Each structure stands twice: as C-alpha cells, then as structure tokens.
Amino acid sequence: MRDKITILSTRPLETALLEAARAKDIIIDIVSFIDISPVNTSGIQEEIKKLLTQPANIVFTSMNAVQAVANQLDGDAPDWNIFCIGNTTRALAEKYFGEASIRGTGNYGTELAGVIIADRSVKKVVFFCGDLRREELPGKLRQHGITVQEIIVYHTINTPHTVNTQYDGILFFSPSAVQSFFYTNTVLPSTILFAIGQTTADAIKNFTGNPVVIPGRPGKEDLVKKMFEYFKK
C-alpha cells in the first residue's frame, strides 16, 4: 500500500474539498502566503456607494474585489452589467449581484478584455481591483478606446513562511502567493506544482523548472480536482 500523497495549499480551501482529498488518501496542509486588506477609506466607500445607485459596466478579476464591493451592499442589487473571470469569481459575483447581472466571462484577463471589446455597447468600465492588478486587461481595453475607471478596493500583503515539509504537490492561486512562497522556500525536482491559471503558471516558471499543471478553468475547485486527476490511483 502506497504512502499518502501530501499537498500544500497556499490559500484556505473549503472543508468539503479537504474531506474529498482525505477520501483519496491525499493530505492537504494549508499555509496562506498572502493576506488581503480591504481598503476602507471614506473616499472609496463613498465612490462605491455612488456607483451602486447607477447603471454601470463592472469588471472583477478576483473574488477579493467582489467581496470588498459586496461588503458595501445595502439591500437591492445594483443595475450593473458585470464582466468577470470565471469560475470562482463568477460564482461569488452571482451570489451577491445575481446571475442575471453577469454580462460576460473569460478564463483570464486578456480573454475577458476580448469579451468586453466584442460587446460594442461598452464604452466605459469600472474595474474594481487590488493594488497588484496586472496591466493586460485595462491596457487592452484602453487600446480599443474603452475608458477604464480603476478603483483599488484591497491591498495584497505577502506573508512568507518557511516550509520544512517536502510535498508531492503545491497548489498556487495567484502570482503574489508564488512570489511569497519562493521568497524563503525551494522545491524538490519531483514536486508537482499546480497553478490556477496561466498568469500564475508563468510566475512559477520564474523560480523553477518543475512541471506546472493548470486546470481547464480557473477556480479553486477546478484546481483541486485537477490535482486529484494527476495523483489518481
């Protein structure tokens, strides 16, 4: 009988996913390598509350941004057309703003930008984002004449930890977590690295030549299921 597979997840996972892993003889340790700090200044809060009262085209590329804006909701959902990254970010946007509000989705930033550009009615978007947001999406939109109003609603704080266990695989959910992990850690050549999307995979490749596995869709559950497939008995 083989030993249990040991996996490190660099962000928290739902209990159901951890239990599903245990049923497959996969042990997942959780160590967060970033912290999220919402921007709670009165200016940002007033800006969000003003937007909540008017029609707008809204862009979300992270569930942290969705949560930060949702915290300002008071009653009815706003009259927004929402463009967002699927799968986890979309699910959270649907939860707070309603399924009917979702106008379009993409698996990554440039794909989402293409979806927005293809919607000829969009002349301006409000991009709720973090302080480390990438340039691809807003840059592509501006190149096509779409006005982008960026509102930073959270800060990403690296929280490096030294990991002494040698894992069979590591789950990464953002470039920031990759950078934070490799700040104090290295990996064995045999360790398989799992990235939630291409941008995170590219960040990993800056630090190691280890194999990187990406799910078909970006999402926490999709990434864990991809890991299950890889280590299937």
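**View 1. Helix H1 and helix H9 in the predicted model.** The axes of helix H1 (residues 15-23) and H9 come within 11 Å and cross at roughly 5°, where axes are lines fitted to C-alpha atoms, for helices over the stretch in contact, and angles run from 0 to 180 degrees between N-to-C directions. H1 is therefore roughly parallel to H9, a label given to angles under 35 degrees. In this pairing Leu17, Ala20 and Ala21 of H1 meet Glu221, Val224 and Phe228 of H9, with contact meaning heavy atoms within 4.5 Å. By class, the contact of H1 with H9 holds 5 nonpolar residues, no polar residues and 1 charged residue; Ala, Val, Leu, Ile, Met, Phe, Trp, Tyr, Cys and Pro count as nonpolar, Asp, Glu, Lys and Arg as charged, and the others, Gly among them, as polar. Helices are DSSP runs (H or I, at least four residues), numbered from the N terminus. This is a predicted model in which local features need pLDDT of at least 70 and side-chain atom pairs count only at pLDDT 80 or more, whereas totals for chains, interfaces and linings use all residues. Residues are numbered from 1 along each chain as its sequence is written, and side-chain values use heavy atoms, with hydrogens and water left out.

**View 2. Helix H3 against helix H4.** The axes of helix H3 (residues 63-70) and H4 come within 9 Å and cross at roughly 15°, so H3 and H4 are roughly parallel to each other. Met63, Val66, Gln67, Val69 and Ala70 in H3 meet Thr88, Thr89, Leu92, Ala93, Tyr96 and Phe97 in H4. The residues of this contact comprise 8 nonpolar, 3 polar and no charged ones.

**View 3. Helix H5 against helix H6.** Helix H5 (residues 109-118) and helix H6 (residues 136-143) have axes that come within 8 Å and cross at roughly 30°, which makes H5 roughly parallel to H6. On the H5 side, the residues in contact include Gly109, Thr110, Leu112 and Ile116, and on the H6 side Glu136, Leu137, Lys140 and Leu141. The contact of H5 with H6 divides into 6 nonpolar, 3 polar and 2 charged residues.

**View 4. The lining of the second largest pocket.** Among the residues lining the second largest pocket are Glu14, Leu17, Met63, Thr88, Leu92, Lys220 and Glu221. Helix H4 (88-97) and helix H9 (220-230) each supply at least two residues of this lining, which by class has 4 nonpolar, 3 polar and 4 charged residues. On a 1 Å grid over the protein atoms alone, a pocket is an open set of points where a 1.4 Å probe fits, with protein on both sides within 12 Å along at least five of seven lines, and lining residues have an atom within 4 Å of a point.

How values were computed: Parallel < 35°, antiparallel > 145°, perpendicular 65-115°, else oblique.
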